[in-house]
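Hello,

Here is the structure we discussed handing over.

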Amino acid sequence: MHHGTMLLNVDLNSMKKYLTPSLEKLKSKGVNSVEARVLNLQEVCPQITHTAICDSIIEQFCEHHKLKVEVQDLDEETLLREPTISSIYKQLEVLLISLISG
């Protein structure tokens, strides 16, 4: 299993303020800085869109797992009707408020 983050078009200067791994961690990955590890996909493929990325991920997932699925977009309102998701959302909201208010 792999994990990662795909950046389409973010402000990398702002991002590096928030990504502050230790020098030891960076060296273990063979890089000297956060900037050396990340780039925007639009830097290498200017015409790429969010929709194209999503479609490609879905297509590759289905192909890999030999599945045919109908994809549904779920908005916040729909998700909050699910009791488990709603409960977690409310817990995170309380946590965020307490962090913000200090």
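From the N terminus on, the elements run α-α-α-α-α-α-α. That makes seven helices and zero strands in the protein chain. Keep in mind that this is a predicted model.

Overall dimensions next. The chain has a radius of gyration of 18 Å, whereas a compact globule of 102 residues would have one near 13 Å. Along its principal axes, the C-alpha trace spans about 45 × 45 × 30 Å. As for burial, 10% of the 102 residues count as buried.

Now the surface charge. Asp73, Asp75, Glu76 and Glu93 gather in a patch of negative charge on the surface. One of these residues, Glu76, sits in helix α6, which covers residues 76–80. Why does Glu76 count as partly exposed? Its relative accessibility is 47%, and partly exposed means between the 20% limit for buried and the 50% limit for exposed.

Then helix α7. This helix covers residues 83–101, and Leu99 has its place there. Is Leu99 buried or exposed? Leu99 is exposed, because its relative accessible area is 61% and the cut-off for exposed is over 50%.

One distance to go with that. Leu99 and Thr49 are 50 residues apart along the chain. Their C-alpha atoms are separated by 34 Å.

That is what I have for this model.

Best regards

Note on methods. Residues numbered from 1 in each chain as written. Predicted model: local features only at pLDDT ≥ 70, side-chain atom pairs only at ≥ 80, totals over all residues. Heavy atoms only, no water. Patch = residues over 30% accessible without salt bridge, like charges linked within 9 Å, V, L, I, M, F, W, Y side chains within 5 Å. Areas by Shrake-Rupley, 256 points an atom, 1.4 Å probe, with all protein chains shown as cover. Salt bridge = Lys/Arg side-chain N within 4 Å of Asp/Glu carboxyl O. Lys, Arg positive; Asp, Glu negative; His and termini not counted. Charge placed at Lys NZ, Arg CZ, Asp CG, Glu CD. Helix = DSSP H or I, 4+ residues; strand = E, 2+ residues; numbered from the N terminus. Buried < 20%, exposed > 50% of the residue type's maximum accessible area, 1.4 Å probe, protein only. Rg over C-alpha atoms; globule rule 2.2 N^0.38 Å.
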